[in-house]
Amino acid sequence: MTGCSEHEVEVLEQVSIPMSDGCRLAGRVWLPPGARERRVPAVLEYIPYRLDDFRAVRDDQHHRWFAMHGYAAIRVDLRGSGSSEGVLEDEYLQTELDDGLTILRWLAEQPWCNGRVGMIGISWGGFNALQIAALQPPELHAVITVCSSDDRYADDVHYMGGCLLTDNLSWASVMASYNACPPDPAVVGDAWRGLWLQRLQGSGLWLREWLRHQRRDDYWRHASVCEDFAAIRCPVFAVSGWADGYCNTVFRLMRHLDVPRKGLVGPWNHKYPHLGGPGPAIDFLGECLSWWDRWLTGVDNGIEHEPRIRAWMQDSVSPHSDDRPGRWVAEADWPAEGIQGMPWALAPGRLELDPATRTGVALSIQSPLSVGLFAGKWCSYSESTDLPTDQRLEDGGSLVFDSPALERDIEILGAPFVELDIEADRPQAMVAVRISDVAPDGKATLVSYGLLNLSHRDSHAEPEPLIPGQRYQVRVPLNHVGQRFPAGNRLRLAISSSYWPLAWPAPEPVQLTVHTANSTLHLPHREPREADAELRDLGEPRMATPLPTTVLGAARREWHVLFNLASNEAVLEVVDDDAPYRLETTGTRLGHEVTERYASANDDYATLSGEVQNRRTFDRGDWHVTATTRTVLTATPEAFRLRATVDAWEGDTRVFSAEWDEEIPRDEL
């Protein structure tokens, strides 16, 4: 479609969309010139991240750009978020999905919409775009899902391989802070205080609910589209990055969907590909436009004939590098015929390609709780501090298996996995496995990893405790990855019995024993192809000019690992404070500060603790609001203890305070 100038776009600033129960959701619409006369397709983003302030700049850059190219673009705040009415009680509830269907019907009835709608979103918006697509609304004709998951239990922020992720804790605190924020009085008027108190009183403690469901049950099956891939009948463009927590989803969708589909995986973290790092950003909004042109307007641009998967093959880098050099590769379909398994036999301290050299020995490890302090976050947000660093800092507490120096380059694309003949001396145990690229100088860069709660070895729905001393054959999948290991470097497999604080460990220290005779690392080997050099260029980032803002202070991005040798305490402290700024279109001053702290002492499992604090501030004229949350998680061998507070102030007056102190029994975890 031919583009127009930014200033020709018409913006409907305060759209109120009625739901079936009378609740009204807040939205903003960007219209291309002439939309009221000729009707145009629409693009919807539907998330809880406050379109009037915290997401205002990004929203305008994206949706104004879509409107400049002929699409009506709309951003809607979920029920109970931003300036929408109601209460947000959890992720992806049926109410949220039903509201989404109502929004689609409302869109199709507008005088500027021709009834054909696409949904786009990153993270939450990527999730609910897939979930709503599975409900088959007639108005929805295409989806772009970025950094999302089809499986809410096995591949989201909550659990990995049946192990509790500490991102579960940090994400719960983030959403508690969002839920404690008020509607904007400039949008909803004098009713803002009542709506604010309603959501403060009703949003609840989400982490409590997530901890009550430690196995794959109906709670997690709901809205997991992997339960029925065939329910999705519209075209899907799935996108993620190797540094993101959700790269696996792209490959499963490409494998299991039976609709026009395309997958894109770059080196990026949990951000849109034109905004994120590490590695090169691309003209992602241009890629989106091609998708909308094909499936919302019928332009015959041949996009359905492009490779099923396009992925960034990462080059070898130092673990201290923030860059991810490499090149684009592509596969016509997924699974790809040209990718072959490459098994590496485990031997004492070694990886061997020749199984005849395998030595059958029993190797044991009981890892210190310090293994995992340098793992980075489960889901990187593009801060250099949240990426993993030199894995030698972890390998000392692990079983380590190194290949010989490689005689030629080896490239992998897909999901590695490890088969282990393993036993434990406790009924509850976890195993963490890591693949690293080891340079000639010894520096080790993390390539991929996987976790498995050994009670979940056969089923996430019906876990069973181990029999201490009994051997089990288990398979541990690692995250998908594209990686080149250059000649002269070595492959390293590291195995540990804990991975704190990325994941909560077993109830008590565990000694794992690996029997090498029946243990194998499997790599998805891909030979380089000349055709990859002919792939079309993905361009440089384009978007609309950002709304005017004034930065009022400095951001703080810090990642401290502290060892107090006097008290034998080890602490990971993360500071992630955004730069405060003023949104000049409204005059609102915004602030957001986060501190996370994960600690243990004396290698004692009883001392494990995770604590996350969030603070958000809003200032405009005589309107001054602050919302703070604090969430603390500890555990005994029998139960998790959850303590949390939410406080809200108007000016210097605290208008709301809530406190929780609860125990949730451990369930084979």
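Author: On a 1 Å grid over the protein atoms alone, a cavity is a set of points where a 1.4 Å probe fits but cannot get out, and a pocket is an open set with protein on both sides within 12 Å along at least five of seven lines; lining residues have an atom within 4 Å of a point. This is a predicted model: local features need pLDDT of at least 70, side-chain atom pairs count only at pLDDT 80 or more, and totals for chains, interfaces and linings use all residues. Residues are numbered from 1 along each chain as its sequence is written, and side-chain values use heavy atoms, without hydrogens and water.

Reader: Ok, how many cavities of 30 Å³ or more does the search find?

Author: Five, over the whole structure. The largest cavity has a volume of about 420 Å³, a volume being the space filled by probe spheres set on grid points joined across faces, edges and corners.

Reader: Which residues sit nearest the centre of that largest cavity?

Author: Trp 242, Ala 243, Pro 388, Leu 446 and Val 447, out of 29 lining residues. The elements giving two or more residues to this lining are β20 and β22 (481-485), where strands (E, at least two residues) and helices (H or I, at least four) are DSSP runs numbered from the N terminus. β20 gives the most, five residues.

Reader: What about the second largest cavity, how is it lined?

Author: That cavity holds about 130 Å³ of space. Of its 16 lining residues, Ala 176, Ser 203, Gly 204, Leu 205 and Val 646 are closest to the centre. α5, α8 (206-211) and β33 (653-665) give two or more residues each, and α5 has the largest share, with five.

Reader: Pockets now. What's the volume of the largest one?

Author: About 1500 Å³. The largest pocket has 49 lining residues, and Arg 55, Tyr 178, Lys 271, Tyr 381 and Asp 578 lie nearest its centre. Among the elements that give two or more residues to this lining are α2 (56-68), α4, α5 (167-179) and β30 (604-620). By class, the lining of this pocket has 27 nonpolar, seven polar and 15 charged residues.

Reader: Why is α10 described as largely enclosed?

Author: Seven of the ten residues in α10 (247-256) are buried, so the rest of the structure largely encloses this helix; buried is under 20% relative accessible area (1.4 Å probe, protein chains only). The buried ones are Cys 247, Asn 248, Thr 249, Val 250, Phe 251, Leu 253 and Met 254.

Reader: What do those buried residues pack against?

Author: α4 (124-133), plus strands β6 (140-146), β9 (236-241), β10 (261-266) and β11 (309-314), with contact meaning heavy atoms within 4.5 Å.

Notes. Buried means under 20% relative accessible area, exposed over 50%, partly exposed in between (1.4 Å probe, protein chains only). Ala, Val, Leu, Ile, Met, Phe, Trp, Tyr, Cys and Pro count as nonpolar, Asp, Glu, Lys and Arg as charged, and the others, Gly among them, as polar.
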